[in-house]
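Please read the points below with the model open beside them.

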Amino acid sequence: MTGSATKKACVIGWPIEHSRSPLIHGYWLKTYGIDGTYTKEAVRADELDTFLKSLKEHGIAGCNVTVPHKEAAFAAAQEKDESAIAVGAANTLWLGDRGRLFCANTDTYGFMTHLDVSAPEWKRRDAPVLILGAGGAARAIIYGFLNAGVERIVIANRSRSRADQLADYFGPKVHAIDWDQRNEAAREAGVIVNTTTLGMKGEGDPGINFSAMRVKQAVAADIVYVPLETAFLKNARTHGLVGVDGLGMLLHQAVPGFEKWFGVRPKVTNDLRNLIVADIEGA
């Protein structure tokens, strides 16, 4: 089906070739029989403002935003969801009825939903959460844990100053430590989350000593999804921790945007996951 009724959305970034968002949204468009398109659009930083102002003109209902545009997209939006304000960045944009540009950050939703589905027992443990890294993903995940009622969150980052900034931003429940103190903090943690790039494409490892863990069946979550099982996750599972990979976050964060643009709230299914896994393994 084609014509003026076709709904359009896209993902923007620079570069954009790596994005698997079209595969995810294309699957949902086909599954729900929606007359729509979802494309990749390579947008340079100096073109972003012009591109966003032309969404309505080009019949685009909204877009996902990936690196390096998340902070600039947040600044450009006229209406900001609480999730985007808390993180200071946006990964989902949509046009309102009057053409005003709205934004949200669905990374929080994506991570917390996947964690709840994959390791629901994490909520029943009265233990700190350890976050490795202090970038944009860490900020979104800290916000999610605070909303879930976690009383103590510890951030270990290779640059202590960035961890301090996040602790200052989020308040007394969030504490920064030096990177070389991460294993001491890990011993008491109920959830450990790797938000760094260590482990991406099989390169590097945050170096957590899981053998010293004191919380029974603690959870180790990684936001890296290429490879699906990083050295961090493999090591954690070997020592009896519950491992949560990064692919579920990618899939679940796509749900709210699809609903905004195409009017249907899609489901993350095993068939969708298998499709993306096959694409990753074939890359």
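1. On terms for the sheet: two strands are said to pair if DSSP finds at least two bridges between them, while helices (H or I, at least four residues) and strands (E, at least two) are DSSP runs numbered from the N terminus. The model is a predicted one, in which local features need pLDDT of at least 70 and side-chain atom pairs count only at pLDDT 80 or more, whereas totals for chains, interfaces and linings use all residues. Residues are numbered from 1 along each chain as its sequence is written, and side-chain values use heavy atoms, with hydrogens and water left out.

2. With those terms in hand, the sheet can be described as open and six-stranded, in the order 9-8-7-10-11-12, with parallel pairing. Strand 9 (174–178) and strand 12 (242–244) are at the edges, where each has a single partner strand, so one side of each is left without a neighbour in the sheet. From one strand to the next the twist averages 20 degrees.

3. Which helices lie across strand 11? Helix 5 (residues 107–118) lies across strand 10 (191–194), strand 11 (219–222) and strand 12, and runs at about 145 degrees to strand 12. Helix 9 (residues 231–238) lies across strand 7 (129–132), strand 10, strand 11 and strand 12, and runs at about 165 degrees to strand 11. For these angles, axes are lines fitted to C-alpha atoms, for helices over the stretch in contact, and the angles run from 0 to 180 degrees between N-to-C directions; contact itself means heavy atoms within 4.5 Å.

4. The length of helix 6 (residues 136–147) is consistent with expectation: at 1.5 Å a residue its twelve residues should span 16 Å, and its end C-alpha atoms are 17 Å apart, which agrees. The expected span is taken as 1.5 Å times one less than the number of residues. The buried residues of helix 6 are A138, A140, I141, I142, Y143, G144 and F145, and the helix is followed by G149, whose phi is positive, near 95 degrees.

5. Helix 6 also meets helix 7 (residues 160–170), their axes coming within 11 Å and crossing at roughly 35 degrees. In this contact A138, R139, I142, Y143 and L146 of helix 6 meet L166, Y169 and F170 of helix 7, and the contact residues divide into seven nonpolar, no polar and one charged. In that count Ala, Val, Leu, Ile, Met, Phe, Trp, Tyr, Cys and Pro are nonpolar, Asp, Glu, Lys and Arg are charged, and the others, Gly among them, are polar.

6. The bond from W14 to P15 is cis, with omega near 0 degrees, and P15 is in the loop between strand 1 (7–13) and helix 1 (21–31). V226 and P227 are likewise joined by a cis peptide bond, with omega about 5 degrees, and P227 is in the loop between strand 11 and helix 9.

7. The loop between strand 10 and strand 11 holds K201 and also Q217. K201 is not a glycine, yet has a positive phi of about 60 degrees, and is exposed, with a relative accessible area of 67%. Q217, another residue other than glycine, has a positive phi near 50 degrees and counts as partly exposed at 46% relative accessibility.

8. Finally, N64 in strand 3 (residues 60–65) is buried, with a relative accessible area of 4%. Leaving aside neighbours within four places in sequence, N64 is in contact with residues including C10, S21, H25, Y38, N91, Q253 and W261.

Notes
Buried means under 20% relative accessible area, exposed over 50%, partly exposed in between (1.4 Å probe, protein chains only).
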